[in-house]
Amino acid sequence: KKVGMAQLLARHRLFEVAVMGVIVANVVWIGIDMMAFDAALFSTSLVAIVVENVFFVAFASELAVRFAAFERKRDVVHDAWFLFDSVVLFFMLLENILTLAFLAMGPDAELTTFDPSALRILRIMRITRVGRILKLLRSLPELMIIVKAIGVAYRSVFFTLCLVMMFVYIFALGFTQMGKGTLSGDLYFKDLGKSMFTLFFNGLFTIDLPEVANAIFSDNVPLGLLFCIYLLVAPVTLMNMLVAVLVEVVRVMAMAEQDA
């Protein structure tokens with residue numbers, strides 16, 4: 001619609017900010033709910049029930065305003081976000097109904113009346129609400145630039161990672177041969193798979209790197225020198241090159257957004 005209170009409200013900046021605030025609050029609440037009530041499939045806490053129903057009313061009101069703003073109601077089937085929000089709202093409604101049913105039937109209702117595996121699936125479905133936070137990208141252009149840059153740079157990132165894995169494989173062959181018969185070799189480079197695992201996680205991502213390097217140098221100095229060469233080639237050179245590619249893509253995308 002181009003006229004009417006519904007379209008005016010749906011297009012208003014304050015309405016959009018309020019919706020984004022509710023989405024963020026709901027995402028935060030999901031984390032709080034998981035930590036506070038992780039033992040139960042459905043929480044019967046009064047606080048949890050009240051908060052869930054407040055969020056349901058807020059999301060239902062937003063969806064109703066957006067639906068009323070459509071000039072032709074059948075056009076809602078072409079709005080991906082409206083369809084996604086409708087599915088999320090349906091599962092929120094179903095979860096609230098089941099929670100109230102459990103509260104009425106007693107603490108053992110979910111184990112005697114319903115299939116616990118089905119209830120866990122329904123409980124997991126609430127995580128789909130987190131997808132609504134992607135709407136924030138429309139309000140935060142800086143995040144949108146980064147997301148677009150990731151889409152543009154995926155080819156460069158993919159081939160850089162392929163190059164990294166190639167070096168990991170080549171060095172793993174050398175470490176497996178040189179490490180045979182040594183304590184550090186048996187511990188970190190016993191076979192090709194173990195060598196690649198050590199070079200990838202301990203070398204590339206520096207997990208327990210000082211301990212691994214100390215063990216290698218203490219047992220086999222040539223193997224330690226080869227490990228240093230690997231660190232210079234893969235983690236230092238190639239990974240920093242990957243960072244440089246991403247930074248350059250983000251810079252180009254930011255300049256393109258400014259020119260537009």
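Which helix gives the most to the lining of the largest pocket? Helix 2 does, with four residues. Before going further, note that this is a predicted model, where local features need pLDDT of at least 70 and side-chain atom pairs count only at pLDDT 80 or more, while totals for chains, interfaces and linings use all residues. Residues are numbered from 1 along each chain as its sequence is written, and side-chain values use heavy atoms, without hydrogens and water.

The largest pocket holds about 440 Å³ of space. Its 17 lining residues include Ala-10, Phe-15, Glu-62, Arg-66 and Arg-138, the closest to the pocket centre. Two or more lining residues come from each of helix 1 (5-11), helix 2 (13-36) and helix 3 (46-69). By type, the lining divides into seven nonpolar, two polar and eight charged residues. A pocket here is an open set of points on a 1 Å grid over the protein atoms alone, where a 1.4 Å probe fits, with protein on both sides within 12 Å along at least five of seven lines; lining residues have an atom within 4 Å of a point. Its volume is the space filled by probe spheres set on the points, which are joined across faces, edges and corners. Helices are DSSP runs (H or I, at least four residues), numbered from the N terminus. Nonpolar means Ala, Val, Leu, Ile, Met, Phe, Trp, Tyr, Cys and Pro, charged means Asp, Glu, Lys and Arg, and the others, Gly among them, are polar.
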